[in-house]
Structure formats: C-alpha cells, structure tokens
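This briefing is meant for a reader who has the structure open for the first time.

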Amino acid sequence: MPANLTPQYHKAEAAYRQADSAQEELECLQVMLREIPKHKGTDKLQADLKAKIAKVKAEAAKPSAGSAGKATKIPKQGAGRVILLGAPNCGKSQLLAALTRAHPEIAPYPFTTQTPMPGMMLFEDCPFQLIDTPPVTGDFMETSTVGLVRGADLVLLVVDLASDSLIEDTQAVIERFQGGKTRLGRETGLDEEDVGVSYTMTLVCLNKYDVADADDRLALLDEFLQLPWDRIKVSATTGIGLEELRRQVFERLEIVRVYAKHPKEKEPDRSKPFAIRRGETLVEVAEHVHRDMAASLRSARVWGSAVHDGTTVKPDYQPLDGDVVELHGG
Amino acid sequence: MAGEFNEPKIRVVKLGGSLLDWPPLQRRLAELIQQPVEPRVVNLIVVGGGAVVDAIRSYDTVHALDQVAVHWLCVELMNSTTKLAHMVFSAGQLLDSPESLEDWLAGLWSGGREHAELHGPPVAFVCPSAFYTKVLNADALPTSWDTSSDSISALLARLVSANELWLLKSTDAVSCTNGIVDPAFEKALPEGIAVRIINLRSQWE
C-alpha cells in the first residue's frame, strides 16, 4: 500500500467495504480517488480506482432490481464488528451466547442459525458487536454472509475440535472465500493489486477444546490443513479462553479508549469511553461527541502516559489507550 | 484505568397504531417509558399503521391488490405514522435512515457528559426506512398481510440486540394468542428477549 494515505482515505475505504449498493460504492471510491496522494508510487492504485469507478458507475446506472436487493443490514454498534463464521454445529451460537447477552437458538443439530444474529460483547469497558452467521458448507452459503464478512473488522473462524469431520468442514468454509472478491486474510483492507478484492482479518477459534480428544484432532488438523491465521483455543461451554478471546479482539482491532472530561468537571466520565483506532486523532474523538465539535475543535488538554498531565495539544494529536481529554472548540 | 461500564439496556417499544387517536397518548406514553426506575434503559419506538393501514386493507379487499406491493406500501405508510407519533410525543429523536439509527446507537456505547447533553433524552422514534425496506432486510419477514407491525418491531429488536420488547396495544394481553400478534412474530423475535404486552388504554381508563 502506498505511504501517506490520509485518514479520510482509510475511512472511505472502510465504508467502501461495507457499502450496500453500487451508489454507495461509487461515492466511497470517488472519495478514495480524491484523497489518494498523487505521486508515482500511487499511479497503479489511481488507475485501479478509476477503472473500478467506471465499472461501478455502470452498475449504479442500471435500473434498481427492487426487492431483489435482499441485503442484510444490521446497524453497527460498539467499537467494531466481529463475525462468527463456521461449519454447521461448530459452536458459533454457543460462543455468541457465552460472550454476549444474546440468546440464539442452540441445538445439537446442524443449521440451527437461519439468519444473522447480533449481540454485544464487552472487553472491560469496550463493547464490540458480535454476529453469528448461518452455517457454511461446501454446498451452501447464505448470500448475506459474504457481505457481513466483507464489512466486518474481524472474522472468528470457528473450528469444531469435537468433530471427526473438522478438516473437511473447515476446508469447505475456507474454499468458499478463496478466489472471490471477499477473502479471509491476516489484515483487514483492500488488495494492493486489485481494489475490488477485500480481505477481512481472521482469527481461528478452536472451539470445544474441553473435549477429551481435542488435542488429537488438533494435531490432525495441523497435519492436513495449514491454516495461515493466528489461533486461540476456547470452549464456549466451560469458558476456556473466552477472556483471552475478548482481549484478542480488542488488541487486533487496535482500539484506543479515550475518556472525556468536561472543562467544568474535575474528574472525567469513566463510565463509557470513546473508542477510536490506533493512529486516529482527537478529531475522530470529537466526531464521536458531535459532528459540530469535530469541525470546531481547536485544541484539547490531555492527561495520559505520553504527555504531562493537562498538556494542551492540537487536534492532530493521537491519543493513547486510557487517555483523558478535554476538548475545546473555536 | 477503565471504570465500571454502564451498559445500556435497549427496549424496543411498539406503539399500536390504534392508540394514535387517543387524546392522552402523549402523557401516558411518557409516563410509561420515562419512569426513572432503570436509568440505563433507552427506548426505540416503532409505530403501527393504525387507521392508515386499515384503509389500505379495505381497498385491498375490494381490488385484490398485489400482496408484496401492498406490504411495502403499508411499511412505507408506517414511516408517516411514526413521524406523526413523534410530533404527538414532541420529544426524542426521529430516526428515519440507517445512518441516523447507527449514529443514535453509537451514542449508547460511548460516553462523555457532552454526548448526553447533546443527544437529549434516551427516546427515539424509528421509521421502518431506517431498518426495513425493499433493499434493507427485505427477506427478513414474509411480505404479506401475515406480517404486522408487531413483527417489524420484533425484527428491529433482533437487529439492535434489544433486551426487551414492549407491545403497547388497545386490547388486553390475554388476547395475544388469538391473532393479535401475527404469525411472523415468533420467527422474527430474537430468542430469549423479554416481551411485555400492555393494554395502554386499560392501564389508565
């Protein structure tokens, strides 16, 4: 990826990955093209964007298919969106129930989850949206699942260590996302060579690690199927690894929690943080407060590990996790 | 560093369209949902079609209209009854697009006193245009008269991971098994959610 891409470019790229229509895609691509630094290192990306814009323009100009759209649109909540993906009966719904207060239908037979089911998962005081998806097999995958994976910040690929068919089942899920426009990856973002291809960061959840022969099945999996992603051992029923899983989500999404302090108050409000991504600035914090605040932000006082308490900083200051900020408009 | 997290409880409130002609609606609704018993509760209000949709139903019996088209027509009319109820209630936000719904939800999970001051009381009226249209979640419910606004409110409860769903009606809850809650309701309802059916009129009359 070329250097010096602006925060506006990254925002537009994220919105592009989550777009529900050709018109939305077009608007995002146009922002990306506008924001991309114009130099030799970005020539290819500029050309790709222009080609993509031409293609999407043609799609946007086509008459609407009406009710044929069928997009699943779950409102975004929390600091990020995490998708549970896996084969039938691998324990995705159990994980959703164990990690959130959602209560999906859980039954020990395949294909219980028929529609995407969202819930809210907390890591300390930071909430994430966790979505259980209908199961994926070699023969079938709900069309909405692809869109949910594409728009997610992280995919938890759930592997069933209690199943004798875990290799075939996992292989089938992976193959569903090979070669298409939406793929499982080590990072979330667009392909450097083809902006039409989107990768979503993937973490393998080795579920049902509590069963007696889990280690034996894991050894078989490692022998016959090389999974190119990091992994974590969990059990939705006993709770093994669930706290670590919450932490992994928080760390992989590079969340920075910022606590707001009102100028007239001595103490910050620590009941709920504002969540931004590492590298984002006080402008993004202000946007969470109110759009008008972001536009009028002139300075802020910061209490944190990287500065002396109460230091006045400019809007482009990048807060660290746990910083307290007092925003001042113009 | 992190404080004790103040997790919000989301309550979806379906206001029956038959209550729209009730003179004390504004006061009674406010008393019901703004009781300061649980300060973390936020209310997302969905409004039924009432007499407006009943009129379409009567035209449909005469002309035998296309069921799918009539379904979406009625859903669109719910946008109007929701706006009407918002005018009657004269408080809270009107959420009429997916973006406005997401913005409102974002405020629930991030903090700061400034945010609470800017965003006002924790009540919002949600038009179907924010979550259920021909394009958004069009497959989620049957497109026929079998699907009432009760099911549409259950769909919203599912989409926002609500803790509870209240159905405010003009009839008694004991009748709910006899067709007042439509056939699609059970399928749309998220598992484990607490459902209350309240006859708002009988509570006060």
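This is a predicted model: local features need pLDDT of at least 70, side-chain atom pairs count only at pLDDT 80 or more; totals for chains, interfaces and linings use all residues.

In chain A, I255(A) has R277(A), in β10(A), as its bridge partner.

- Strand β9 of chain A, residues 255-260, is joined to β10(A) by four bridges, and the two strands run antiparallel.
- These strands belong to an open sheet of five strands in chain A, which follow one another in the order β10-β9-β13-β11-β12 with mixed pairing.
- The edges of this sheet are taken by β10 (274-277) and β12 (307-313) of chain A, and because each has a single partner strand, one side of each is left without a neighbour in the sheet.
- On average, neighbouring strands of this sheet are turned by 30° against each other, with direction ignored.
- Helix α9 of chain A, residues 282-289, packs on the sheet and touches β9, β10, β11 (297-304), β12 and β13 (324-329) of chain A, while its direction makes about 140° with that of β10(A).

**The sheet of chain B**

- Chain B holds an open sheet of six strands in the order β3-β4-β2-β1-β5-β6, and here the pairing is parallel.
- At the edges stand β3 (93-95) and β6 (194-199) of chain B, each with a single partner strand, so one side of each is left without a neighbour in the sheet.
- From one strand to the next, the twist of this sheet averages 25°.
- Helix α3 of chain B, residues 67-89, packs on the sheet by touching β1, β2, β3 and β4 (123-126) of chain B, and its direction makes about 155° with that of β4(B).
- Helix α6(B) lies across β1, β2, β4 and β5 of chain B, where it runs at about 165° to β1(B).

**Strand β1 of chain B and its partners**

- Strand β1 of chain B, residues 9-15, is mostly covered, with six of its seven residues buried.
- With strand β2 of chain B, residues 41-47, β1(B) pairs in the parallel sense over seven bridges; among the bridge partners in β2(B) are L44(B), which faces V12(B), and V47(B), which faces L15(B).
- With strand β5 of chain B, residues 164-169, β1(B) pairs in the parallel sense over five bridges, and R11(B) stands opposite E164(B) in β5(B).

**Nonpolar cores**

- The largest nonpolar core has 65 residues, and those with the most contacts inside it are L85(A), L221(A), V12(B), L44(B), L101(B), F131(B) and L156(B).
- Helix α6 of chain B, residues 149-159, provides the largest share of this core, namely six residues.
- Leaving aside residues up to four places away in sequence, F131(B) touches L101(B), V126(B), L136(B), N137(B), I152(B), L155(B), L156(B) and L159(B).
- Another core, of 29 residues, lies apart from the largest one, and V82(A), M121(A), L156(A) and A275(A) are among its members.

**Cysteines**

- Over all chains the count of disulfides comes to zero, where a disulfide would need two cysteine sulfur atoms within 2.5 Å.
- For C90(A), the closest cysteine sulfur is that of C205(A), at 9.5 Å, which is too far for a bond; C90(A) is buried, with a relative accessible area of 2%.
- For C126(A), the closest cysteine sulfur is again in C205(A), at 18 Å and therefore too far for a bond; C126(A) is buried as well, with a relative accessible area of 0%.

Conventions:
Residues are numbered from 1 along each chain as its sequence is written. Chains are lettered from A and ligands numbered from 1 in the order in which they are written. Side-chain values use heavy atoms; hydrogens and water are left out. Buried means under 20% relative accessible area, exposed over 50%, partly exposed in between (1.4 Å probe, protein chains only). A nonpolar core is a set of buried Ala, Val, Leu, Ile, Met, Phe, Trp, Tyr and Cys residues joined through side-chain atoms within 4.5 Å. Contact means heavy atoms within 4.5 Å. Two strands pair if DSSP finds at least two bridges between them. Axes are lines fitted to C-alpha atoms, for helices over the stretch in contact, and angles run from 0 to 180 degrees between N-to-C directions.
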